[in-house]
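Here is a short note for a first look at this entry. Please read the points in order, with the structure open beside them.

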There are 2 protein chains.
Amino acid sequence: MVKISIEEMEKARKRLQGRIHKTPVIQCEAINKLAGTNVHFKCEHLQKTGSFKSRGALNAVLGVKEERGDDCQGVLTHSSGNHGQALAWAALQCQMPCCVVVPANAPQLKKDGMSEYKTDIVLCGNTVKDRETTCAEMQKKLGYDVVEPFNNAYMINGHASCAAEIIEQVPEADAVFVAVGGGGLASAICMYIDEKRPDIKVYLVEPEAKQLKSYLNEDKLPEYDTVNTVADGIRVLRVGDLCKPILAKYAAGNIISVTEEEICEALKLIWTRTKQRVEPTAAVPLAGLLKLKDKARCPVVILCGGNVDLSFVP
Amino acid sequence: MVKISIEEMEKARKRLQGRIHKTPVIQCEAINKLAGTNVHFKCEHLQKTGSFKSRGALNAVLGVKEERGDDCQGVLTHSSGNHGQALAWAALQCQMPCCVVVPANAPQLKKDGMSEYKTDIVLCGNTVKDRETTCAEMQKKLGYDVVEPFNNAYMINGHASCAAEIIEQVPEADAVFVAVGGGGLASAICMYIDEKRPDIKVYLVEPEAKQLKSYLNEDKLPEYDTVNTVADGIRVLRVGDLCKPILAKYAAGNIISVTEEEICEALKLIWTRTKQRVEPTAAVPLAGLLKLKDKARCPVVILCGGNVDLSFVP
C-alpha cells in the first residue's frame, strides 16, 4: 500500500494534472469588511463533481489501477454524498465499475449525482457502523477494492494538490482555514503546508459537537457516532486512524469549534455576498475565521463543496 | 442630454475602466451536454452590487456630474431592486446624495442592499404608475436629477461595456442571449454588437406574458402593466421609449418567449450545476437557449444578476 508522504503527494499532483480543475480563488469586498481582513476563498465547490473529493478519488482510482492492474475488478466505498460522487466520477473516467453504499439520510442531490455517474448505489442505515457493515458485505459479494472516504493514503495524497494550488495562487497567505470531518482534506493541507510553507498556520474548524480537541489530546470521544450538524459533509465523528496522528502533530493547537448558528450565518454571507451556492459544510471554515479574535492578515478559506439540495434554506 | 451612440458607449467604457469589474465568463460541462452546444455564461451577478446595472448607473452618476457640475444636488430613481442598489452604490462612490422609490413587493435582500449603500428609500405601491408618480413627487421635493432605470441614455451607453467585454472574452461567439425587461441592457447589447460584430445574433428572451413581439411589431400591449413572473427583475411590461426603436431595429425577429416552468428549470440547472446563486431573472436567457431548436454553435448567455432572497426556492 502507498504511503502518506510529500513525495507521494507530488506524484499525485502530476497524475491529476489536466484531469481535474485548478479551482479559482475569489475575493469579496463585503466579506473583507465584515471580517476585517483580506479573505481569499479557494473554490473547491467548482471542482469536478462539486467538491475537493475528486482530487483524492481520481488519484485513488488511477493509483489502484497502476498498483493492481487487471486484478482490480472495480471500486467500492461508503459515503453520504461527495466522496461517492467523486469516486463514481473517477471510476467512470477510467471505465472501472463502481459501487457506493449510501446512508438513507444523504441529500437527494448527492444521490442523484452518483446515479448520473452510472455507479451502483446500495442504501443503508444512517450510522457509521451501518455504512461500514454494508460496505464489508458488498466487498465480499463483489470483490471490488474499497476506497475509504478519508482513511486512505491515495485520497489524502490526492487532496494535497489543493494545498499546492493555494501556495501558488496566494503566495502572501498566512493562514488556511479548513473544515474537518473524517480528516482527509485537513490532514493533506496540514502536512503539505508544514513542509512547503511552515509560516502558514492551518486552522481546523469543526462543529462544536465533534470535540476534536479532546479526541486528539486525550483520546476521548463522545458517545454518539455521528455529529448532529447542518454541515452534512462532516457528520462523521471520528477522524480516520491515518489522519489522527497527522492532525495531532500539526494542528492540535489550532482547533476552532463553531455553533450551528455560526455555520448558518457564515453560509448566508457566502450565498448573498459571493453569490456562490456552496453547501453548508463549506461555510464552516468562514465561521471559524469570523470567530477568531487574533486575525490572520491574509487568510485562505476553503469552500470545500457545492452540492446542496434545492430545497435547503440556511 | 447625451445621445445613445457607439461613440458615447466607447466613452462610457473608458469612464468605467477600473471602477467596475470585468466580469468572468464561465462554462459548465453538464450544461453543455444538456444544451448540446458550447455555452458561455457571462457573470454579471459577480458585478459590483450583484448586477449589470452598476455599469449604467456609475456611467450616469459620473456623466450627470460632468454635465451639470454643482447644479446637481443628488440622484433619484424608482426601482424594484437592482437599479436602486446600483444607483445607490454609484452615488456613494461619487459622494452624491441618492433617493430610491421602491415598490413594497421588492425582494427584501434588494431593499437591504440599497440601505447599505446609505441611500434614502421611499416605499410606494407595486404598479409602474405608482412608482412613476411617487418618483415625480420626490423629484419636486428634493430637486434631484432623475436617473430612469432603463429609459436613460447614460444607462444604455454604460451597459454596452458588457457587450464589449463579451466580444473580447468570447471571440468565437455566434449568439448572445439576453433577458428583456425595460430593455436597457438588451438595447445596449443589440446596438453595440451589431456595430462591432454583426455576425453575432442577439436573442431577446422574455417571460411569455410580456408579449414583446406584438408591442415591437404592432404597437399592441396587454392591459396589465406588470408581468406576473418569478423573474422579479423584469416585471415591467413596457420597454422604454428610448429602447423600443433600438430593439425593433435590431432584434424584433429574434424574440423567444419562455414559460414560468422553463425559467424555474433553467434556474435549478444554474444553481445545481454551475453553483452560481443567480436570481430568477438571470435564468431567463438560458431558458430561451434551451427552447431554441436551431442551436448556436457558441452561445453567450448573460447571467444578469445574483440578488435573490435567502428564502427563495425555485
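Which residues in α1(A) meet α8(A), and which residues in α8(A) do they meet?

1. From α1(A), the residues are A:I6, A:M9 and A:E10. They meet A:A188, A:M191, A:Y192, A:E195 and A:K196 in α8(A). Contact here means heavy atoms within 4.5 Å. Helices are DSSP runs (H or I, at least four residues), numbered from the N terminus.

2. On the basis of the note: this is a predicted model, in which local features need pLDDT of at least 70 and side-chain atom pairs count only at pLDDT 80 or more, while totals for chains, interfaces and linings use all residues. Residues are numbered from 1 along each chain as its sequence is written, chains are lettered from A and ligands numbered from 1 in the order in which they are written, and side-chain values use heavy atoms, without hydrogens and water.

3. Helix α1 of chain A covers residues 6–16, and its axis lies 11 Å from that of α8(A), at an angle of about 105°. That makes α1(A) roughly perpendicular to α8(A). Axes are lines fitted to C-alpha atoms, for helices over the stretch in contact, and angles run from 0 to 180 degrees between N-to-C directions. Angles under 35 degrees count as roughly parallel, over 145 as roughly antiparallel, 65 to 115 as roughly perpendicular and the rest as oblique. The contact residues of this pair are five nonpolar, no polar and three charged. Nonpolar means Ala, Val, Leu, Ile, Met, Phe, Trp, Tyr, Cys and Pro; charged means Asp, Glu, Lys and Arg; the others, Gly among them, are polar.

4. α8(A), residues 184–196, also packs with helix α7 (residues 153–169) of chain A, at about 50° and with the axes 8 Å apart. α7(A) is therefore oblique to α8(A). Among the residues in this contact are A:I156 and A:I167 of α7(A), and A:L185 and A:I193 of α8(A). By class, the contact of α7(A) with α8(A) has 11 nonpolar, three polar and one charged.

5. In chain B, helix α3 (residues 53–68) and helix α4 (residues 82–93) cross at roughly 45°, and their axes come within 8 Å. α3(B) is thus oblique to α4(B). Their contact includes B:L58 and B:V61 of α3(B) and B:L87 and B:W89 of α4(B).

6. Between the chains, 21 residues from chain B and 21 residues from chain A take part in the contact. About 1700 Å² is buried, of which carbon and sulfur atoms give 57%. Buried area is the accessible area (1.4 Å probe) that two parts lose on being put together, summed over both. B:K275, B:R277 and B:L310 supply 40% of the area that chain B buries against chain A, more than any other three residues.

Definitions and conventions. Helix = DSSP H or I, 4+ residues; strand = E, 2+ residues; numbered from the N terminus.
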